[in-house]
Amino acid sequence: MAEAHQAVAFQFTVTPEGIDLQLSHQALTEIYRSGLRSWKKRIIRLKNSVITGVYPASPSSWLFVVIAILATMYTRSDPSMGLIAKIQEHLPVSQSMSSQCQTVVSAVLFSTLLWLLLIFTMRLCLKQLLSYHRWIFEQHGKMSTTTKVWVALVRIFSGRKPLLYSYQGSLPNLPVPAIKDTLKRYLESVRPLMDDTEYERMTKLAGEFESRLGNRLQWYLKLKSLWAANYVSDWWEEYVYLRGRSPIMVNSNYYGMDFLYVTPTPIQAARAGNTIHAMFLYRRKLNREELKPSRIPGTVIPVCAAQCERMFNTTRTPGEETDTVQHWQDSDYVAVYHRGRYFRLRAYQAGRLLSPREIEFQIQKILDDPSPPCTGEAKLGALTAGDRIPWAQARSKYFSSGINKRSLDCIEKAAFFVALDDDEQGMTGDDPSGSLDRYAKCLLHGKCYDRWFDKSFSVVFFKNGKTGINAEHSWADAPVIAHLWEYAVATDCFQLGYNSEGHCKGDVDPSLAEPLKLTWKIPPECEDQISQSLAVAQALADDIDFHVISFRDFGKGKIKKCRVSPDAFIQVVLQLAYFRNRQTFCLTYEASMTRLFREGRTETVRSCTNESSAFVKALEGGESADVCRRLFRTASEKHQNLCRMAMTGSGIDRHLFCLYIVSQYLGVESPFLKEVLSEPWRLSTSQTSIQQVELFDLVNHPEYISCGGGFGPVADDGYGVSYYIVGESLINFHISCKHSCPDTDSHKFGAQIKKALHDLLELMTPGQKEPIKSEERGPEVKKNL
């Protein structure tokens, strides 16, 4: 009860002599400093709101406009063309104010109105400039004169030092494509997957939809696009993520890995101390908007940062019909899980962020705590891993009041979730490939009860100092959490570092309060529900077949020498590998971002095209190398064009998805839309790329390379493939499928991918024999920088 005593700022006792008041100086100081920190955050938030609100101008520009107007009036000129006099006539002032003073007040009011008009005009101009997308379709290295002028204007109107959210009000809205164009692109995308009879039937369905129902649905969608900032994102979050009633573990959540070849320290608590501290530093930058606005790599073009707002202090709350995402403004602690117990670890004391060494000290206390879990506590997290309806019912029945509600609130309102595992993971032992597979599965689902899958993200620390992250998908997409993860691991190793013994640097304040162990009263009925949810989650986890490939034979360096986009190269490789694996083509999903638009998230690139299938058939059919090379270039150019169209709002699937949602609201059935949205994605793919290259030094420290991350399969009979292109000579693949499907095998598909990579490089570089590097690498190195 030490924490409870410290929380009491004063005590009083009623005696015959009166009231004996006892004040706690330490507690009052804590309250004062915490309040001071809270007010500082409010002031910073207000200041940033003002700066962002007047962007692309600056608050100081108001003073410049006022002085300019007053100076012009001093020369007996009227820059307002009589408006200042009109304002003065209707100015509600007291009779004691002199005429000259009234004139000055009127001039200031006019200057303020003029300043606001200038801001509106500049923002409108910037919005129009950011609506220009022809630059993305231009050939690499060949910029037109129009685009050069456009880049210069964007630089001028972007201001000097934009904050993280400065561009939000200037980003264009996502346009609604014409139905005719979307249907044409859709029919083109399914042509390689259908025979003539099927294609003719689908063409007829599309034509009937366009002529009968399509235009009516499109009208509602255009109306929404005029009213809402983004006509897709809110429906996408609700209907694709939050209304799903199946487990979010594996089906929705995804993971990110630690460095591939290096573990900075073998001490679990030390690694947690540095990483948790780094994440709170990132949150501080996020709250102060000190992070640089994200941009398209190599350009001045900003992308939407709206997803960053709910990164911390956020949880997904279950409901019987739909879940909700809850976000709190602030939280000064993290929730920690270890050996079936939950703890609250405060990251701040007296308004000060704890040092890495202090956090390590607190984590070590949790690791050394011998207390057993409360009854029913050990596997409580399984509720978040199972089906959503039972979890919603259990939450309402057993966690809506009393001590259970207080403990659950503590977890849900935490800045993020931390799991301390007793296992060792990473590329270890005599089987580095197999150990990576186990590492991936552990991060994706763990033991199904040792993560809190509802939290915006959970950081996992293993016994040997390895780490990883598991993220919930509804609030944001992978690039947002990847940005945080890059900052955390880079700050951990290259800025904070460790001492010679592997511990965090710094000293420990002896007055730190111990981490608070949460308590629960779990009734037997709730324990039964926990067991049922665990059984569902365990069956799902056991069915996942995972394989991670660290492909080091070549990378984007050699691919670029072939004058081909690395992403297009890998997508064609995946088509070739899948065809060899299954002797057919399938509907393929590649995630592409639409963050060029306000509140944009993702769009689908349908990577299986007429051009890619023609190339695969030619290569497998024994056509000449020249013919295959020509078909490959056509396929890669087609893929690049599809990516560009998806990024600029001319995709297929989000438009059709929104048309379907409108049809459901109107209560009308569309056989065409129903069939389109029921088509399975048997090959779901995603590329992850390094966003903050400046944080890493791959020249001097090439071993500090992340292994990327992955996700579960979308279809029961399909594959999920995530690939991470690192540096010039490394590509990591994360391949998932299900054991229950006899037609899928992650290791066999991985072997086909490696073979296809070599075959395609050999085709595009005739006569060049490249030395084959061994994919396996020795045990990890444990280093301190």
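I'll start with the salt bridges and then move to a sheet and the helices on it. A word on the basis: this is a predicted model, where local features need pLDDT of at least 70, side-chain atom pairs count only at pLDDT 80 or more, and totals for chains, interfaces and linings use all residues. Residues are numbered from 1 along each chain as its sequence is written, and side-chain values use heavy atoms, with hydrogens and water left out.

So, salt bridges, meaning a side-chain nitrogen of Lys or Arg within 4 Å of a carboxyl oxygen of Asp or Glu. The structure has 34 of them. Take Glu412 and Arg395, whose side chains meet at 2.6 Å, N to O. Glu412 is in helix H13 (residues 402-412) and Arg395 in helix H12 (residues 388-398), 17 residues apart. Helices here are DSSP runs (H or I) of at least four residues, strands are E runs of at least two, and numbering goes from the N terminus. Both Glu412 and Arg395 are buried; buried is under 20% relative accessible area, exposed over 50%, partly exposed in between, with a 1.4 Å probe and protein chains only.

Next, Arg601 and Asp477: their closest N and O atoms are 3.0 Å apart. Arg601 is buried at 7% relative accessible area, and Asp477 is buried at 6%.

Then there's Arg606 with Asp653, a salt bridge at 2.7 Å. Arg606 is in strand E17, Asp653 in helix H21 (residues 653-666), 47 residues apart. Both of these are buried too.

Arg606 brings us to the sheet, because Tyr589 stands opposite Arg606 in E17. The sheet is open, with six strands in the order E15-E21-E20-E18-E16-E17 and mixed pairing; strands pair if DSSP finds at least two bridges between them. Which strands stand at the edges? E15 (544-551) and E17 do, each with a single partner strand, so one side of each has no neighbour in the sheet. E16 and E17 pair antiparallel over five bridges.

Finally, helix H20 (residues 625-647) lies across E16 and E17, at about 160° to E17. For that angle, axes are lines fitted to C-alpha atoms, for helices over the stretch in contact (heavy atoms within 4.5 Å), and angles run from 0 to 180 degrees between N-to-C directions.
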